[in-house]
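Trainee: I have a structure open and would like to learn how to read it. Could you take me through it feature by feature?

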Amino acid sequence: MTMSLSSRHMLAAVLLAAVAFSQPAARADDPVKVRLGTIAPKGSSYFRILQELGEDWRKVQGEGSTFVIYGDGSQGGEADMVRRMRVGQLNAALLSAVGLAEIDRSALALQTVPMLFRDWAEVDYVRERVRQTLEARLGEKGFVVLFWADGGWVRYFSKEPAATPAEFKRFKVFAWAGNAEQVNLMKSMGYQPVPLETADILPSLQTGLINAVPTAPFFALAGQFNGPAPNMLDVKWVPIVGAAVMTRKVWDAMSPAARDELKRAGEKAGADMRARARQEDLDSIEAMKKRGLKVTVPTPDQEAQWRAAAEEVGRDHQGPGRIPERQEEVVSAGAAPEALAAHAPIAEEAPRAWPHRLENGVVALALAAMVLLPIAEIVLRAVFAVGIPGVQALTQHLVLAVGMLGPALAAREGRLLTISTVQLFLAGKARVGAHAIANGVAAVVTVFLCVAAVQYVQSERGAGDELVAGLPTWWVELLLPIGFALILARLLWRAADAWSVRIAVLLAVAAAAAVLAFAPLPAAGLTWPLLAIIAVATALGGPVFALLGGAALVLFWGEGLPIASLPLDHYRLVVNPSLPAVPLFTLAGYLLAESRAPTRLIRVFQTLFGGFRAGPALVTVVACAFFTAFTGASGVTILALGGLLLPLLVGAHYRERSAVGLITSAGSLGVLLPPSLPLILYAVIAKVPLDRMFLAAVLPGLLMAALLLAWGIRQRGRGVQAARPFDAGEVRAALWDAKWELATPLVAIGMLFGGFATPVEAAAVTALYTFIVTVVVHRDLEFRRDVPRVFAECGLLVGGILLILGVALGLTNYLVDAQVPDHVTDWVKANIESRWVFLLALNVCLLAIGCVMDVFSATIVMVPLIVPVGMAFGIDPLHLGVMFLANMELGFLTPLVGMNVIFAAYRFGKPMPEMVRAVLPTFGVLLIGVLLITYVPWLTSWLPGKP
């Protein structure tokens with residue numbers, strides 16, 4: 001990767017964070033004088049925070065110590081401030097990457113590659129990966145990093161609207177004064193750079209000396225650039241990344257204790273200011289909109305032109321500012337390219353975190369073996385008419401490895417599935433307390449799940465069973481207690497940031513576990529209070545597995561039943577012969593989502609239908625349904641496609657709220673389209689043939705998509721002409737470019753229904769096919785850098801789901817043991833005579849369940865209850881299954897707890913109330929589809945026919 005011209009001229013934007021100092025000096029009679037330079041405007045929130053921190057610092061530093069802030073660039077530009085620090089006039093500064101580059105050029109790797117980062121999660125990840133290297137290199141030059149900060153995304157502000165790189169070539173663009181290399185690069189690309197200091201931007205805009213400024217929205221608002229430049233191109237060009245640094249001389253003047261405390265306070269201030277900067281980045285845009293700012297959202301084609309321009313500059317430019325493309329050179333310069341392909345990547349704290357890399361590698365290898373073993377079985381069977389001894393058992397137990405180590409990764413990253421949004425509305429001590437309670441209760445549940453797993457393995461050890469080739473089964477089953485122990489450790493670690501709170505949670509968990517295990521308690525009398533505590537913890541943000549597993553533990557304990565049956569049920573589910581299809585199809589979807597396949601597929605549908613009124617909505621519905629069907633997670637679809645589809649819809653004159661609602665709802669459509677993970681899971685639990693379940697869901701899935709498409713078409717602005725004429729040549733080019741992705745469903749369905757492979761083998765072939773397409777054919781993913789990360793991320797998601805399913809099956813086992821299905825069936829027969837009334841009541845019940853349970857745990861818990869009742873009314877399990885999943889599909893859109901609503905709020909930066917208003921119309925549309933599926937059974941029975 002190389003440093004582009006356009007990215008370099010972005011360095012004109014100022015850094016909008018601040019530096020923090022607080023803590024004691026070595027001695028009160030040895031005053032320390034801090035003179036800090038920053039470009040942050042006086043009167044800004046950042047400057048006020050600086051002043052407050054300066055006051056705190058003076059109080060603890062001692063008599064005579066001073067803390068002076070020079071804001072508004074009064075000490076010159078960033079290069080000037082670095083020079084002043086070298087001569088001793090200043091001894092601290094807040095610098096962007098361009099200022100840090102005056103000290104050491106490696107810092108440029110964080111800020112100068114355009115459109116490299118898609119969101120702040122990626123920026124944070126890369127920064128954490130490289131900060132030790134960068135801090136060491138800055139330290140060699142005599143500077144200490146107090147904390148890292150950022151100041152929003154650089155966007156283009158101009159007098160006239162423009163949307164493409166070619167259109168911006170007619171503008172006179174602000175460039176950073178004193179950076180001759182940047183000016184020369186801009187000229188070589190046809191731009192008209194005008195070197196200026198930041199203080200000269202506004203008068204230059206007013207006089208016409210320049211007519212375009214690349215800068216962050218907050219600085220544009222603070223500098224009033226939006227007046228003479230009232231147009232903004234909404235392209236996240238580069239993030240403003242920087243750090244607060246101090247000279248080694250003043251740092252060494254402090255005592256070791258004072259330095260440690262200053263660094264700790266600086267890290268906290270940096271986190272606070274990063275959060276403030278990111279929010280003000282968005283708030284500034286909204287404020288300028290009210291003052292007449294016009295925002296141009298580029299179409300996918302226009303955005304592709306910007307990306308192509310950045311890549312072209314990177315290829316063509318050679319020189320001292322070049323960021324090398326070879327990975328080893330990039331890493332040596334301070335970049336971490338392995339982070340750049342995912343929205344929610346597996347994080348590693350530092351190079352020292354080798355146990356994390358090992359853990360990720362084990363999960364990735366388990367998934368790779370799950371792909372290769374079934375394919376080897378297919379080849380050997382076809383060529384030599386032989387198979388691999390025990391291949392099915394090995395594949396099933398590899399699912400156990402992913403099912404226990406995957407949730408350990410999720411717990412490590414704080415990504416165990418929750419259904420509560422309460423913590424979004426809490427702050428300060430209330431949020432800390434809620435998080436500690438939620439994690440503490442989950443930890444107590446996990447203690448007993450771990451104990452139950454140990455008891456189960458001990459019982460299996462005496463059985464003497466062998467898995468294959470003399471390998472004792474209980475050796476593999478040890479993954480159960482190991483996985484729960486890792487989850488427990490991560491829950492305790494992530495209970496709080498402060499050690500005092502962590503220790504308090506640890507002591508509380510140990511005390512609660514000891515009391516419940518050894519005290520002579522009346523089990524029956526404590527059942528409901530304990531269930532209430534678990535429910536409260538879940539409402540405060542506790543993970544779903546703790547709710548289901550805790551409920552099962554309490555109910556078994558209350559009845560005097562052995563809790564070792566819970567891990568037994570978990571094990572029984574995970575090694576189900578059909579279940580390996582779940583992680584394998586999900587892996588295929590992840591490989592597609594992490595590659596450039598979304599862009600290629602959207603281009604296909606855009607060229608086919610973009611000129612028609614229905615085009616944008618059709619592209620959205622089809623693309624989202626396709627990806628959800630293969631990833632098994634609609635949240636992944638929203639994260640992968642949301643940034644591509646929203647500009648497409650807004651550019652087609654959709655209201656932003658309607659566009660967000662359509663994308664959020666379309667993400668759930670794949671639930672009813674093969675080879676969706678929920679379809680596979682229902683077939684496993686209800687014991688119906690998987691191929692017939694796939695066929696039964698096709699027409700209902702298309703019906704739901706058609707209804708949402710019809711709604712989407714009506715939302716487009718009226719009187720809008722076709723965006724482009726139909727171009728057969730462009731269509732052929734787009735189809736040819738995406739031919740491998742378009743063939744993916746044919747591979748899966750052809751292998752399955754052509755009689756060539758079992759469902760698990762078909763899933764393995766599909767995963768291998770997508771691997772070859774993304775890694776070998778298109779080379780979107782680099783084998784050594786990207787593939788392990790994608791495999792580990794897939795294992796994290798699948799493992800988290802399997803953990804929920806396993807403990808949910810334990811709860812179902814209790815319900816069966818208590819004969820709840822029989823009692824429900826008898827009650828329904830006695831009180832409901834009409835089949836149609838039963839179906840209506842079942843819909844109401846399932847909608848209520850969808851409000852509080854995710855689709856996976858609901859399938860495990862509810863399907864064994866409703867299938868016998870449905871059969872008593874003569875309802876085909878296939879029809880019942882499609883109806884059940886259609887209701888669960890609506891659960892993704894349930895206000896406040898719907899997972900799609902939460903994912904979309906994160907992806908689009910919208911508050912939850914606004915997201916709820918966006919999805920309510922589509923919720924009503926899909927509800928009509930649910931009723932049609934319920935009362936028109938031939939929709940599910942026509943394709944599969946009679947068994």
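**Reading the fold, piece by piece**

Mentor: Contact here means heavy atoms within 4.5 Å. Before we go on, this is a predicted model, where local features need pLDDT of at least 70 and side-chain atom pairs count only at pLDDT 80 or more, while totals for chains, interfaces and linings use all residues. Residues are numbered from 1 along each chain as its sequence is written, and side-chain values use heavy atoms, with hydrogens and water left out.

Trainee: Where does Thr 446 sit, and is Thr 446 buried or exposed?

Mentor: Thr 446 is part of helix 16 (residues 428-461). Helices (H or I, at least four residues) and strands (E, at least two) are DSSP runs, numbered from the N terminus. Buried means under 20% relative accessible area, exposed over 50%, and partly exposed in between, using a 1.4 Å probe and protein chains only. Thr 446 has 0% relative accessibility, so it counts as buried.

Trainee: How do I describe two helices that pack, and what are the values for helix 16 and helix 18?

Mentor: Two packed helices are described by the angle between their axes and the distance between the axes. Axes are lines fitted to C-alpha atoms, for helices over the stretch in contact, and angles run from 0 to 180 degrees between N-to-C directions. For helix 16 and helix 18, the angle is about 165° and the axes are 8 Å apart. Angles under 35 degrees count as roughly parallel, over 145 as roughly antiparallel, 65 to 115 as roughly perpendicular and the rest as oblique. Helix 16 and helix 18 are therefore roughly antiparallel to each other.

Trainee: Which residues of helix 16 and helix 18 meet?

Mentor: From helix 16 they include Ala 442, Ala 443, Thr 446, Leu 449 and Cys 450, and from helix 18 they include Phe 484, Ile 487, Leu 488 and Leu 491. Among the buried residues of helix 18 are Phe 484, Ile 487, Leu 488 and Leu 491.

Trainee: How can I check the length of helix 18?

Mentor: The expected span of a helix is 1.5 Å times one less than its number of residues. Helix 18 (residues 479-493) has 15 residues and should span 21 Å, and its end C-alpha atoms are 21 Å apart, which agrees.

Trainee: At what angle do helix 14 and helix 33 cross?

Mentor: The axes of helix 14 (residues 354-384) and helix 33 cross at roughly 110° and come within 8 Å. That makes helix 14 roughly perpendicular to helix 33. The contact involves, among others, Met 370, Pro 374 and Ile 378 of helix 14 and Ala 764, Val 765 and Leu 768 of helix 33.

Trainee: Now the sheet. What is its strand order?

Mentor: Two strands pair if DSSP finds at least two bridges between them. The open sheet of five strands runs in the order 2-1-3-10-4, with mixed pairing. Strand 2 (66-70) and strand 4 (143-153) are the edge strands, each pairing on one side only. On average, neighbouring strands of this sheet are turned by 20° against each other, direction ignored.

Trainee: How does strand 3 pair with strand 1 and strand 10?

Mentor: Strand 3 pairs with strand 1 (residues 33-37) in the parallel sense over two bridges, and Leu 36 stands opposite Ala 92 in strand 3. Strand 3 and strand 10 (residues 239-247) run antiparallel, joined by five bridges; Ser 96 has Gly 242 as its bridge partner in strand 10.

Trainee: How many residues of strand 3 are buried?

Mentor: Five of the five residues in strand 3 (residues 92-96) are buried. Ala 92, Leu 94 and Ser 96 point one way, and Ala 93 and Leu 95 the other.

Trainee: Which residues other than glycine have a positive phi?

Mentor: Lys 687 is one of them, with phi near 60°, and it is found in the loop between helix 28 (677-686) and helix 29 (690-715). Lys 687 is exposed, with a relative accessible area of 72%. Arg 779 also has a positive phi, about 60°, and is exposed, with a relative accessible area of 67%.

Trainee: And the whole chain?

Mentor: The protein chain has 41 helices and 13 strands, and 59% of its 947 residues count as buried.
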